[in-house]
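Hello,

Here is the structure I said I would pass on. Please look through it first; my notes on what was found are below.

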Amino acid sequence: MIKINKHFQDIDNMDTRVASGFTMIFDNGNTISVQFGGFNYGSNRDMGSKEQATTAEVAIWNKHGQWWEFRTGEKQKEDTEPILIKGWCSADEVAKWINFAATIIF
């Protein structure tokens with residue numbers, strides 16, 4: 001499944017909703033969220049939401065709700081402070097994370 005996410009364009013224009021990213025759910029049960037709207041960790045962070053961006057943030061979680069920890073490449077641990085959102089990803093890096101989420105079991 002692929003879902004387009006939308007939110008308000010910017011703080012001064014809360015009536016206009018624009019694409020801010022997308023979510024994909026794969027057959028292996030993993031979900032990836034790719035967000036590029038204002039306030040996300042990407043090129044539009046301080047500019048408000050636009051329908052395009054040069055970088056975006058990525059988050060991945062499995063069907064059990066466990067989030068991928070980007071720092072160590074392991075699933076979330078109780079006793080560490082995980083990095084659950086990888087920001088400032090280029091289009092090529094986003095494509096690699098999409099493939100990763102579609103093929104990894106964790």
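Buried means under 20% relative accessible area, exposed means over 50%, and partly exposed lies in between (1.4 Å probe, protein chains only). Helices (H or I, at least four residues) and strands (E, at least two) are DSSP runs, numbered from the N terminus.

Before the rest, two notes on the source. This is a predicted model, in which local features need pLDDT of at least 70 and side-chain atom pairs count only at pLDDT 80 or more, while totals for chains, interfaces and linings use all residues. Residues are numbered from 1 along each chain as its sequence is written, and side-chain values use heavy atoms, with hydrogens and water left out.

Overall, the protein has one helix and seven strands, and along the sequence they follow the pattern β-β-β-β-β-β-β-α. Of the 106 residues in the protein, 39% are buried. A contact means heavy atoms within 4.5 Å. Among contacts with a separation of 6 or more, 44% are between residues 24 or more positions apart.

Strand 4 has antiparallel pairing with strand 3 over five bridges, and with strand 7 over two bridges. Two strands pair if DSSP finds at least two bridges between them. Thr31 has Trp61 in strand 4 as its bridge partner, and Val58 has Lys86 in strand 7.

Which residues touch the most other members of the largest nonpolar core? They are Ile32, Val58, Ile60 and Trp97, out of 15 residues in that core. Strand 3, strand 4 and helix 1 (91-103) each supply at least two residues of this core. A nonpolar core is a set of buried Ala, Val, Leu, Ile, Met, Phe, Trp, Tyr and Cys residues joined through side-chain atoms within 4.5 Å. Leaving out residues up to four places away in sequence, Trp97 touches Ile32, Val58, Ile60, Trp68, Phe70, Lys86 and Cys89.

Lys86 also takes part in a salt bridge: its side chain meets that of Glu93 at 3.4 Å, N to O. The structure holds one salt bridge, a term for a side-chain nitrogen of Lys or Arg within 4 Å of a carboxyl oxygen of Asp or Glu. Lys86 is partly exposed at 26% relative accessibility, and Glu93 is partly exposed at 24%.

Tyr41 is in the loop between strand 3 (31-35) and strand 4 (56-61) and has a relative accessible area of 38%. Trp88 is in strand 7 (residues 86-89) and is partly exposed at 48%. Trp88 has a positive phi of about 60 degrees, although it is not a glycine. Most residues other than glycine have a negative phi.

Finally, Ser20 lies in strand 2 (residues 13-25) and is buried, with a relative accessible area of 1%.

Regards
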